[in-house]
Amino acid sequence: MTSHLSSAATAANPRRRTVVLAAAATAALAPLTALGAPAAHAAEGIPAFLHGVASGDPLPDGVLLWTRVTPTAEAVPGSGLGPAVQVGWEVAADRNFAGVVASGTVTASAATDHTVKVDVRGLRPQTPYWYRFTAGGAVSPVGRTRTTPGHDVTTSGVRFGVVSCANWESGYFSAYRHLAARTDLDAVLHLGDYIYEYQTGGYPEAKYTVRAHEPKHEIVSLADYRVRHGTYKTDADLQALHQAHPVVAIWDDHEFADDTWSGGADNHTPGTEGAWAARAAAAKQAYFEWMPVRASIAGTVYRRLRFGTLADLHLLDLRSFRSQQVKVGSGSVDDPERTLTGRAQLDWLKAGLAGSTATWKLVGTSVMISPVAFASLPAHLAGPLGKLLGLPGGGIAVNVDQWDGYTDDRKELLGHLRDRGVKNTVFLTGDIHMAWANEVPVNMATYPGSGTAATEFVVTSVTSDNLDDILHVPADTASLVAESAVKAANWHVKWLDMDAHGYGVLDVTAERSQMDYYVVSDKRRQDASAAWSRSYRTLNGTQQVERSYQPAN
């Protein structure tokens, strides 16, 4: 895998950022490049692995492996063309494959867009493994993965990379490259918006587009979604991320269409774009074909993974079952008949949290659970911030696409945590292209007296536009005014950064869960450097957020 080495960081505001030296980033990438070179485009009739390899959903005794083979030149993603081909796979305890511990063959065909998924079992817990695929003499890049600790095993720590919102047209995926270079991660958690559905130039505007989507039109059909997934997986930095670490992913709306709900989406027009059910089914099929994710209950992504006795990771699907977002004058965010999670999923989550024996209960949620009230903002900021947060017009000061738009579900869940005495619940969130560190009040109206039910760490986007991007102004300008206004009206928001792009690293020990926030120097540069920005943590038993003045070791 060819990797772009970091250059020296561009000038950064010292209030926020400590530069990661380019030499350190270069050294960290060396082990990754040794894993295997990319497959070259093969002559017609010779299979090739052009979309990398991936692993996901690790277990104590297994992991899901993925690749996509191109059997012939015409068998491009979404084409429906190309013959079926036998694909071999191997898992080894060493990078040289001297000790192969599992192997087999599987058929790749046009029926699954020539993607391959193998659910390997019989592996040892908490162990690194290497894997590769073969087809017709072609050998894939070598991937590295890792199993989780045994469910009843005490482990000293677990560490996740955390990302969301990677819009191809908005920039380059250098955040993925920097996570790929790390050798200390147990897995990478992707909280949604792995792809975007818009036509080229739709978001952002064409004059701000860094690179063009394929297909050029908005994706609607199964072939369209397959092409878009295939395009994303040609990105060298995305391939590097998957090659280096197992990925645990959930979807949000843009894997389907903007502001998806169970019966439609804001960015779907039934008259011209067909039936929503057909589009949603196509999006889900392509997602499960192209992602190293095990389909869960009712073909969705809500599921649970365990990391020894230290942490349970509860992963949510907040698009498949939700009621339509409230429109101005058409309903209430407090209506108990409306739901974000659906009854079955909420009951599953409540039971899992209350019954967990793990020290930490981590919840992967694609949209923010913390309530947010928006105080008066200058007119030049109110509109752009509303656009970013999905706020409706008419001055309604809630984000109706998040848990704020479905308060009955949130009230039930937080009340359950309080009444059952569930401690150490940490929500991990993406979606809104900003970084936050929040306490989650039991009752915002009486906070802090009412206490907190949980804490929440929100990561910013990999590339998708933030406030200053929308306004096309320099970083740390308009965002500082908006940040101050939001924090003044929301005491439970302990930190907020509206203008960075990057990723998080969540480090969990028995004593605390800490999120280290990293930013990239320029999303429009392939060689962007990375810098540590801030760290916040929750100490065991506190349900509170405090600042940490250095990243986890």
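Is F321 buried, partly exposed or exposed? I get a relative accessible area of 29% for F321, so I put it down as partly exposed. My scale: under 20% relative accessible area is buried, over 50% is exposed, and partly exposed is in between (1.4 Å probe, protein chains only).

Ground rules before I go on. This is a predicted model, so local features need pLDDT of at least 70 and side-chain atom pairs count only at pLDDT 80 or more, while totals for chains, interfaces and linings use all residues. Residues are numbered from 1 along each chain as its sequence is written, and side-chain values use heavy atoms, with hydrogens and water left out.

**Aromatics**

I looked up the ring partner of F321 next. Its ring centre is 6.0 Å from that of Y302 and the planes are at 75°, so I noted the pair as edge-to-face. The rule I use for Phe, Tyr and Trp (its six-membered ring) is centres within 6.5 Å, with planes under 30 degrees apart called stacked, over 60 edge-to-face and the rest tilted. The two residues are 19 apart in the chain: Y302 is in the loop between α6 (276–290) and β15, and F321 is in the loop between β16 and α7 (343–355). Y302 is buried, at 4% relative accessible area.

By that rule I count 18 aromatic pairs. I also found one aromatic cluster made of W168, F173, Y176 and Y232.

Then I checked for charges over rings, meaning NZ of Lys or CZ of Arg within 6 Å of the ring centre and within 35 degrees of the ring normal. The charged end of R132 sits over F97, 3.9 Å from the ring centre, and K233 lies over the face of W66 at 5.1 Å.

**The sheet**

Here I needed the element names: helices (H or I, at least four residues) and strands (E, at least two) are DSSP runs, numbered from the N terminus. Strands pair if DSSP finds at least two bridges between them.

What order do the strands of the open seven-stranded sheet follow? I read β15-β16-β17-β18-β20-β19-β21, with mixed pairing. β15 (303–307) and β21 (493–497) are at the edges with a single partner strand each, so one side of each has no neighbour in the sheet. On average, neighbouring strands are turned by 20° against each other, direction ignored. β15 pairs with β16 (311–315) in the antiparallel sense over five bridges, and R306 has D312 as its bridge partner in β16.

Helix α9 (407–419) packs on this sheet, touching β18 (425–429), β19 (435–441) and β20 (452–458), and its direction makes about 120° with that of β20. I take axes as lines fitted to C-alpha atoms, for helices over the stretch in contact, with angles from 0 to 180 degrees between N-to-C directions. Helix α11 (478–489) lies across β19 and β21, at about 165° to β21.

S174 is in helix α2 (174–180) and is buried at 1%. Beyond neighbours within four places in sequence, S174 contacts D237, V520, R525, Q526 and A528; contact means heavy atoms within 4.5 Å.

Most peptide bonds are trans, and most residues other than glycine have a negative phi. I found a cis bond from Y203 to P204, omega near 0°, and another joining E214 and P215, omega about -10°. D113 has a positive phi near 60° and is buried at 2%.
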